Amino acid sequence: MPEAPPPFDPRQDYPVSERRPDLVTTPAGIPLAAVTLEAVIAGEIGANDLRVTPEALERQAQISIAHGRPALATNFRRAVELTRVPDERLLEIYDALRPRRSTPEQLEEIAQEFEETYAAPLNAALVREAAVAYLRRGLLPNGN
Amino acid sequence: MSRTSIPLGGVRSGRFVALDKRPVNLDGFVDEAPDLGFVAMHSPHDPPAGLHLENGRVVELDSRERDEFDLIDLFIADQAIDIAVATEAMAISSLDFARWMVDPAVPATELRRLAAGLTPARAVEILNHLNVVELMMAAQKLRARRTPSNQAHVTNAKDEPALIAADAASATLAGFREVETTVAVARDAPANAVALLIGSQSVVGGAISQCAVEERTELLLGLRGLTSYAETVSNYGTEAVFLDGDDTPWSKAFLASAYTSRGLKLRFTSGSGVEVLMANAEGRSMLYLEARCLAMTRGSGVQGVQNGGIDGVAITGSVPGGARELMAENVLAMLWGLEVASGNDAMFSESETRRVARTMPQLLAGTDFICSGYGSIPRYDNMFGPSNWNADDLDDWLVLQRDFEVDGGLSPFAEDDVLAGRYRAARAVQDVFAELGLPPIADDSVHAAVVAHGSYDTPARAPEMGRAADAILERGITGIDVVTALAKRGYAEIADRVLRMLKQRLSGDYLQTAAILDPDFHVLSAVNDANDYAGPGTGYRLCGARRDQIVAIRQAVDPHQAPVVPLRWPRIGFSLVELGPASLGTDRGEVVIGLGPAFGRGLDRTLAGIDHGQVLWQILAGLEEQGAPVRLVRIWQTSDVAFIALAAAKLSGSGIGVGIQSKGTTVIHHRSLPPLSNLELFSVAPLMTPEHYRSIGRNAAKYARNEHPEPVLVDHLGEAIEPRYHTKAAALHLIETKAVTSERAAELSVSFDGSAADDA
């Protein structure tokens with residue numbers, strides 16, 4: 001019976017693509033080693049396959065903590081959640097967070113969407129914090 | 001008339017007239033005006049540093065209470081300050097902290113741990129204790145990645161894809177590990193991105209590419225796999241300017257996470273001076289406002305920053321201490337754990353002196369990217385505006401690396417490799433455009449791009465080229481489409497490299513701090529190439545193979561060999577025959593010419609490019625004009641021109657001798673003078689002409705008749721003779737000195753070949 005692969009060690013396993021390539025896959029589960037030019041030419045690999053997985057981002061969060069840059073983990077972990085959000089929606093939410101685009105109610109709706117649709121509490125928190133800040137500083141859509 | 005005032009009306013000093021014309025006097029300089037933000041490192045309106053916590057929350061930040069926080073204060077207080085270390089960090093005196101930054105024995109890891117608890121105003125206080133040398137010492141220790149690197153701008157005024165691809169190839173050959181494009185016309189962004197992607201992988205793999213345009217478009221290009229990182233995600237140091245930029249700290253933090261969620265590397269951009277330009281500096285110093293930006297960058301969890309005065313650099317440069325401040329803001333970013341692309345991007349000054357000086361701190365100390373945009377193209381082709389460094393400065397950059405034995409990220413490159421690489425890149429992008437059914441790139445454009453200095457040398461922009469960009473966007477063309485197109489057209493190697501670039505998104509390895517990819521796509525970052533500088537003998541040192549590569553500039557010659565000196569006047573063939581030992585002359589009017597041991601033997605021309613036969617012919621002609629008898633002797637025992645001339649003089653019946661070294665240095669001597677004195681000395685051999693040697697002959701004759709001729713004057717206009725000629729002079733003198741023997745001086749006879757040269 002084959003041994004279970006060793007657990008991921010953020011202190012030792014960087015670069016992950018070199019030390020633990022067995023852990024790296026496309027979102028559909030295709031292993032890193034199978035992402036070859038031949039596979040691309042054969043049409044087996046498309047643009048949507050070349051996206052980072054939440055697992056890969058979580059590993060990088062742990063690596064950054066293990067190597068003295070814990071501040072990066074915040075961004076990595078928000079990014080983990082955002083892997084679940086489609087491109088177009090991502091761009092829309094970015095726009096909604098820009099000055100004078102959204103009312104506090106609209107921002108609260110986005111926060112709830114993050115929580116309920118995308119299981120994204122960290123991003124929900126970011127949006128709620130923004131909503132509080134924008135309200136305090138009078139950053140409402142013009143005409144409100 | 002007073003003797004204390006100038007007796008001429010309204011005069012100007014000739015020195016000032018000349019100074020006024022100097023390029024440095026085209027730059028703008030202002031007196032410090034803190035109320036307007038025109039002050040570099042410290043303003044009286046910078047808030048006193050402070051931090052008060054209540055229940056694990058910041059209630060006062062740098063003398064401002066929470067209910068007075070603006071957007072930036074709020075974000076810094078709640079996202080950036082590490083509460084766990086804040087009390088400990090803020091209890092350290094700024095002077096102690098500053099000393100630790102410079103002290104090689106205090107580990108960078110410890111400084112970063114503590115710095116996480118510092119407020120912007122405290123950080124500014126600390127940096128104010130460091131002069132520019134100390135800032136360089138701090139940078140050497142604090143930069144994130146051990147190995148320095150460099151980034152290039154690759155743009156052109158026509159948004160010409162073949163030229164972008166060719167220039168990207170050139171940039172990678174020079175060693176740049178990041179390449180950045182932008183647009184002459186906004187609509188062209190996708191086509192520029194594709195051309196840059198292909199060109200940047202055509203010759204050397206692994207350089208990551210970005211297309212700097214409006215935020216949303218830039219993100220879209222990244223999502224499509226047409227770029228591999230983003231940089232111009234900007235933040236600003238005052239609320240008003242941030243809002244004018246149509247973003248908030250939260251929208252920027254979200255944007256950062258959006259990039260990261262797609263596996264794309266990014267850094268923020270800040271940099272001093274912008275708030276002053278936008279008329280909203282709140283009376284704060286440039287460093288303080290930049291400290292707020294950097295704190296926000298940290299708080300967003302972003303790995304790095306482009307700073308060091310970017311678009312605002314001329315404002316920073318206008319006040320005292322501006323260049324010091326630029327280094328200070330780089331160092332602060334490093335202290336806060338960030339990757340730093342350290343400015344040297346926008347042109348700092350019209351003055352060559354000043355723009356080079358501005359770069360020296362970063363180049364000598366080393367940063368993650370010495371330039372956050374070396375303009376690898378001609379100035380007129382730089383769509384960001386001219387960079388501080390441009391295409392024509394590349395040899396200077398390579399020489400500076402060699403002069404100081406520092407790694408500025410670049411390597412010498414050969415013309416043939418550049419031509420071949422540019423051709424490959426331009427062809428590849430032409431073929432990909434054809435394969436994808438985009439408007440065709442003409443063969444003329446490809447050929448022109450290969451040899452072009454810049455877009456002035458390429459055909460006019462094809463009108464349909466604008467549709468290429470539209471098509472790329474509308475059809476949703478992705479990086480994978482580019483890979484497939486390359487493969488179908490036979491560019492398997494380039495296709496594989498582009499694929500390996502896209503694959504970086506899968507592991508996320510290059511998202512760590514200060515990550516670059518080497519040509520084999522091996523990641524080097526602060527994680528696995530951590531800067532371990534801890535004093536002399538540690539950290540990154542230029543040595544071994546890398547040193548060999550940097551010092552091997554194409555201009556360096558082997559000093560064992562005779563230097564290449566082009567002949568500038570006609571050859572006069574001649575031969576010398578030794579007749580026997582030279583004897584003391586009795587003719588009171590004769591002149592003896594002493595030739596150095598290698599004259600006409602192995603060496604055949606002077607540093608001025610005058611053939612030895614021509615030299616001899618001219619001197620003899622001058623002597624003959626004056627009717628002076630002449631003897632020619634070979635001096636064997638010395639290569640020194642004064643002693644050659646003195647030996648000739650001591651053999652001479654008149655006591656007058658002329659000594660000539662092979663390199664052309666000449667002395668007219670008298671037997672009674674001390675060796676290092678002379679009647680006339682011609683020490684600047686490169687400036688001499690055949691006519692000078694003729695005049696030397698004439699004057700020697702007159703000295704022999706006890707006359708006092710007008711000395712022969714050799715015009716010197718202040719040319720840099722030493723840097724230009726000293727290595728050649730040394731090489732020639734080495735050869736002549738090797739020819740020295742213990743033989744006695746020998747009498748020579750000379751015969752000139754065929755019909756000798758006409759008089760000049």
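Predicted model: local features only at pLDDT ≥ 70, side-chain atom pairs only at ≥ 80, totals over all residues.

1. Helix α16 of chain B. This helix spans residues 322–335 of chain B, 14 residues in total, and reaches 20 Å from its first C-alpha to its last, close to the 20 Å expected at 1.5 Å a residue. α16(B) is mostly covered, with twelve of its 14 residues buried. After the helix comes B:Gly337, which has a positive phi near 80°.

2. The open sheet of chain B. Four strands of chain B form an open sheet in the order β7-β8-β9-β10, with parallel pairing. β7 and β10 (339–342) of chain B stand at the edges with a single partner strand each, so one side of each lacks a neighbour in the sheet. On average, neighbouring strands of this sheet are turned by 30° against each other, direction ignored. α12(B) packs on the sheet and touches β7 and β8 of chain B; the direction of α12(B) makes about 160° with that of β8(B).

3. Pairing of β8 with β9. Two bridges join β8(B) to strand β9 (residues 304–307) of chain B, and the two strands run parallel. Which residue of β9(B) is the bridge partner of B:Phe268? The partner is B:Val305.

4. B:Glu231 and B:Arg267 form a salt bridge in which the closest N and O atoms are 2.7 Å apart. This pair links distant parts of the chain, since B:Glu231 belongs to strand β7 (residues 229–234) of chain B and B:Arg267 to strand β8 of chain B, 36 residues apart. Are the two side chains of this pair on buried or exposed residues? B:Glu231 is buried, with a relative accessible area of 0%, and B:Arg267 is likewise buried, with a relative accessible area of 0%.

5. A salt bridge between chains. The side chains of B:Arg262 and A:Asp87 meet in a salt bridge at 2.8 Å, N to O. B:Arg262 is in the loop between α12 (249–261) and β8 (265–269) of chain B, whereas A:Asp87 is in helix α5 (residues 87–97) of chain A, so the pair joins two chains. B:Arg262 is buried, at a relative accessible area of 4%, while A:Asp87 counts as partly exposed at 23% relative accessibility.

6. A salt bridge within one helix. B:Arg113 and B:Glu110 meet through their side chains in a salt bridge of 3.0 Å, N to O. Both residues lie in helix α5 (residues 108–115) of chain B, three residues apart, which is about one turn of the helix. An α-helix has 3.6 residues a turn, so residues three or four places apart point the same way. B:Arg113 is partly exposed, with a relative accessible area of 33%, and B:Glu110 counts as partly exposed at 30% relative accessibility.

7. Salt bridges over the whole structure. A search of the whole structure finds 57 salt bridges over all chains. A network of salt bridges links residues of chains A and B: A:Glu88, A:Asp95, A:Arg98, A:Arg101, B:Glu214, B:Glu215, B:Arg216, B:Asp246, B:Asp247 and B:Lys252.

8. A cis peptide bond. The peptide bond from A:Tyr14 to A:Pro15 is cis, with omega near 0°. A:Pro15 is found in the segment before α1 (16–19) of chain A.

9. Positive phi at residues other than glycine. B:Asp159 is not a glycine, yet has a positive phi of about 50°. B:Asp159 lies in the loop between β4 (151–153) and α8 (161–174) of chain B and is buried, with a relative accessible area of 3%. B:Ala279 also has a positive phi, of about 60°, although it is not a glycine. B:Ala279 is found in the loop between α13 (274–277) and α14 (286–299) of chain B; at 67% relative accessibility, B:Ala279 counts as exposed.

Definitions and conventions:
Residues numbered from 1 in each chain as written. Chains lettered and ligands numbered in written order. Heavy atoms only, no water. Expected span 1.5 Å × (residues − 1). Buried < 20%, exposed > 50% of the residue type's maximum accessible area, 1.4 Å probe, protein only. Salt bridge = Lys/Arg side-chain N within 4 Å of Asp/Glu carboxyl O. Pairing = 2+ DSSP bridges. Axes fitted to C-alpha atoms, helices over the stretch in contact; angles between N-to-C directions. Contact = heavy atoms within 4.5 Å.
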